[in-house]
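I'm keeping a notebook on what I look up in this structure, one entry per stop.

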Amino acid sequence: MANTWGYGAMTNSLGDIQNSKAIIIFGANPAVNHPVGFQHFLKAKERNNTKIIVVDPRYTKTAAKADYYAQIRPGTDIPFMYGMLKIIFENGWHDKNFINDRVYGMEDIMKEAKNWPIERVADVTGVDADLIVQITKHYAQNTPGTLIWAMGLTQHTNGSSNTRMAPILQLALGNMGVEGGGCNILRGHDNVQGATDMCCLSHTLPGYYGLSEGSWKYFAKMWNVDFDWLQGRFKDPSWMGKKGFTLARWWAGVLGENPGEDAIHNAGTRLKALFVMGNGITSTAQTKKVKEALDNLDLAVFCDPFVNEGAIITDKQNDVYILPAATQFETAGSVTATNRSAQWRTEVVKPMYESKTDQDIMFELAKKLGFFEQLTAGMQKGKDFVWPDDATNEIARTIKTIGLTGWTADRLKKHQENWHMFDEVSGRGYGEMTGEYYGLPWPCWTTSHSGSPVLYNINRSVKEGGMGFRNRFGLEHDGVDLLAGKGSAPKDSNNKDGYPEITKDNIEAVLKIKLTEAEKSKIGKNWKVDTSNIIAEKCMEAGIAPYGNAKARAKVWTFADPIPKHREPLHSPRTDLTKEYPSFADKKDHYRVDTRYISEQTKQDWAKDFPINLVTGRLVNLNGAGMENRASKYLAKLTPEMFCDIHPDLAGTYGIRDGSMMWIHSPQGTKIKVKAHYSFSVSNDRVFIPIHFAGVMEGESLLHKYPDGTAPYATGESANTVTNYGYDIVTQIPETKGGLCQISRA
Ligand SMILES: Nc1nc2c(c(=O)[nH]1)N[C@H]1C(S)=C(S)[C@@H](COP(=O)(O)OP(=O)(O)OC[C@H]3O[C@@H](n4cnc5c(=O)[nH]c(N)nc54)[C@H](O)[C@@H]3O)O[C@H]1N2
Ligand SMILES: Nc1nc2c(c(=O)[nH]1)N[C@H]1C(S)=C(S)[C@@H](COP(=O)(O)OP(=O)(O)OC[C@H]3O[C@@H](n4cnc5c(=O)[nH]c(N)nc54)[C@H](O)[C@@H]3O)O[C@H]1N2
Ligand SMILES: [Mo]
């Protein structure tokens, strides 16, 4: 499914959490959203007495299993982590050798941490100073500790800073590259990691190759198509290198042709058609804008096993199509799990009734549009390709950046057939599978490589999954060496120190080898485009990671904030703090749409009219936009209607009774009508609403719009009708975890 809201990948794995001495969770609720994976957390607790720390604005089911729980104000995780770092640095609990040898820019973090004395952190985050001290002490003194995050960190205007801050905390403690440590980011959808790696994104090619002409040419070669033909598909060559619209704001592409708010930069044209494959659409922030955009399309197509509620919320009458897509059980192929490991799937049943698999729908479309031949030319046998094997093998041949060379269809199938031959904690294979880790977690550098269960682990040889940090941003910056320090290369390496990424020109010097003339004539320019695989093979023999051995960057000099800085959400309940910690400057042409930051934040005193924090999140019985599960009688029955968790004290102030209806009003002037659920899981300055409902819009039922017999068992207002404007400065993820609202009796 083409959904890429998650950010990053697990450095370790779910099983490896059993090796952790401490677990700290920021903005994730695995007891509800990853209940199978959560068993590993509980096993760590039972077996090793591992303590669980939960930082979340509401008391969740995960918090109920925690030893320490901090009820943080939404959008203030950076101050919380700087508060921890200040205590860590002052007590000398940081890992000085690790920082010295393997981290760039930590001095700047130390400097910024000084600005966060505990009283200030307590004031900004709303968490007691004593509790922060206790949490820090426990976490710093019980290593290795693992740091978990999910959507509570990413869905903010400064979400990308959050997701840099968390690894910095781990780097400071030397918690990276070790079993039981790492940043374990709990990914979302089934195969969302695979969708990200294949770059169902608008700003990169598959495997995170950039949009440079060099990358396009490499892909043209691997896809077996003419570069000029590819380039000819764009209005002019310059558009080939530009980022596209994002899922979060495609609607602006339809509406934004008029200059003003959300003005677009799209080669002088608006978007006219929308093709949706595996997204619920009502899950997009600002659903009323989404509706307006749907209404204004020339053509809307939804490929979905269920009635996509995008087709329900629109008033568009003509040229709206729902194509019956088959489900995952009716197709086969490789998918990628949250820990970077692959899984092969077999078809359980043939596509039922008139449904077709997603790939067949895409093939049919490509035929009608006249480029089926080019679309499939990369698969070895051209027209007679075998699906999905040849597609998987094409990926293995092409994607070097994250090391998918070893992911051939045959190897992945063998792993599927031998599930029982792997250890649940380490992923290590037995018997016939000896020498391989389950699912060959990437990077899997060659067709005989073991896979890499723990990223950045220098205590293993590269052949067995060891590696340093990637050398990606040059050899030095401002005179500071960016390569890893002396003696900090992976085990059993020809080269004991830091080294650059491997190229045709430096391979002999770095690996301390001699290539034959025949090898020299075949080898590619660098490890990322070496289709001969000679670089990777030679690297394995020499114990060298093809991508180099560098320092992790705590400072990213090209970002708006080179080191993570606290910035209040666009709509913050603390107007006093928005002056001290203002948002970013407005950003023109951010994925083709002008995006407001400071101008929105300062437009008015939002907190005066909208004094309550709006927190959104998930329920265990429903998924995403929810149609899939609300169409199930039994799952729908568990939460038959849309509701709002509200503290009785807050509800009382507004005269809202438990079980009565209430309105939630947003700063954009939208509103939803939902049932009040009294709950002590939220404090009296915030409310919580689940994201899984649709079928009611601003108090009005849309039930009459479902095709006969397709209405789900539960309908309700979409949370996203009232989630606020606000988009991450790097990724454009909506600020769906940091808005404001006002409430009233209905
Ligand atoms: N049952 C079920 N499971 C799912 C899904 C589902 O819909 N239903 N969806 C899947 C998908 S796509 C994803 S991405 C994952 C998401 O998994 P999670 O990220 O765990 O999901 P959420 O419940 O959206 O958010 C997690 C927590 O973040 C908290 N939070 C909100 N704002 C902040 C903040 O500013 N700081 C901090 N520290 N916490 C904050 C919320 O209160 C919430 O408890 O779940 C996956 N699993
Ligand atoms: N306010 C707020 N909004 C959020 C979030 C939040 O925390 N708060 N979370 C965000 C996140 S992380 C995510 S991932 C999104 C989730 O939002 P969506 O991605 O919209 O969620 P799903 O309901 O899982 O959508 C998947 C759709 O694909 C269909 N489908 C299932 N299997 C197949 C298949 O094999 N082929 C095809 N073609 N279709 C299939 C389903 O029927 C469904 O309609 O919501 C985002 N929106
Ligand atoms: Mo997600």
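**Entry 1: a helix residue to start.** I began with Ala166, which lies in helix α9 (residues 159–172). Helices here are DSSP runs of H or I with at least four residues, strands are runs of E with at least two, and both are numbered from the N terminus. Is Ala166 buried or exposed? Ala166 counts as buried because its relative accessibility is 0%. For the cut-offs, I noted that buried means under 20% relative accessible area, exposed over 50%, and partly exposed in between, using a 1.4 Å probe and protein chains only. I also looked up a pair: Ala166 and Asn471 sit 305 residues apart in sequence, and their C-alpha atoms are 21 Å apart in space.

**Entry 2: ground rules.** This is a predicted model, so I wrote down that local features need pLDDT of at least 70 and side-chain atom pairs count only at pLDDT 80 or more, while totals for chains, interfaces and linings use all residues. Residues are numbered from 1 along each chain as its sequence is written, chains are lettered from A and ligands numbered from 1 in the order in which they are written, and side-chain values use heavy atoms, with hydrogens and water left out.

**Entry 3: another helix residue.** Next I went to Thr136, in helix α7 (residues 129–141). Thr136 is buried too, with a relative accessible area of 0%. Which backbone oxygen does the side chain of Thr136 reach? The oxygen belongs to Ile132, at 2.6 Å. I'm calling that a polar contact, meaning a pair of N or O atoms within 3.5 Å; within protein, one must be able to donate a hydrogen and the other to accept it, and residues adjacent in sequence count only if both atoms are side-chain atoms.

**Entry 4: strands.** Two strands pair if DSSP finds at least two bridges between them. Strand β1 (residues 22–26) and β2 run parallel, joined by five bridges, and Phe26 has Val55 of β2 as its bridge partner. On to β3 (residues 68–70): β2 is joined to this strand by three bridges, again in parallel, with Val54 partnered by Tyr69. Why is β2 (residues 51–55) largely enclosed by the rest of the structure? Four of its five residues are buried, so that is how I filed it.

I then found an open sheet of three strands, ordered β23-β22-β24, with mixed pairing. Its edge strands are β23 (700–701) and β24 (716–717), each pairing on one side only. Strand β22 (residues 695–697) pairs with β24 in the parallel sense over two bridges, and Gly695 has Gly716 in β24 as its bridge partner.

**Entry 5: domains.** The protein chain is assigned domain 1 (15–185), domain 2 (192–421), domain 3 (457–563) and domain 4 (606–745). Those bounds come from an automatic or database domain assignment. I noted 35 Å between the C-alpha centres of domain 1 and domain 2.

**Entry 6: ligand 1.** There are 32 residues around ligand 1, and Asp56, Gly75, Asp77, Arg618 and Leu622 come nearest. A residue gets on that list if one of its heavy atoms lies within 4 Å. A polar side-chain atom of Asp77 is 2.7 Å from a nitrogen atom of ligand 1. The side chain of Arg618 has an N or O atom 2.6 Å from a ligand oxygen, and a polar backbone atom of Leu622 is 2.6 Å from a ligand nitrogen. On its own ligand 1 has 920 Å² of accessible area, and the protein covers 96% of it; such areas come from the Shrake-Rupley method with a 1.4 Å probe, and for residues only the protein chains shown count as cover. Ligand 1 lies between domain 1 (15–185) and domain 4 (606–745), because both give residues to its shell.

**Entry 7: ligand 2.** Ligand 2 also has 32 residues around it, with His189, Gly280, Ser283, Asp304 and Lys737 nearest. A backbone N or O atom of Gly280 lies 2.5 Å from a ligand oxygen. Asp358 has a side-chain N or O atom 2.8 Å from a nitrogen atom of ligand 2. For Arg618, the side-chain distance to a ligand nitrogen is 3.0 Å. The protein buries 95% of the 920 Å² that ligand 2 exposes when taken alone. Domain 2 (192–421) and domain 4 (606–745) each give at least three residues to this shell.
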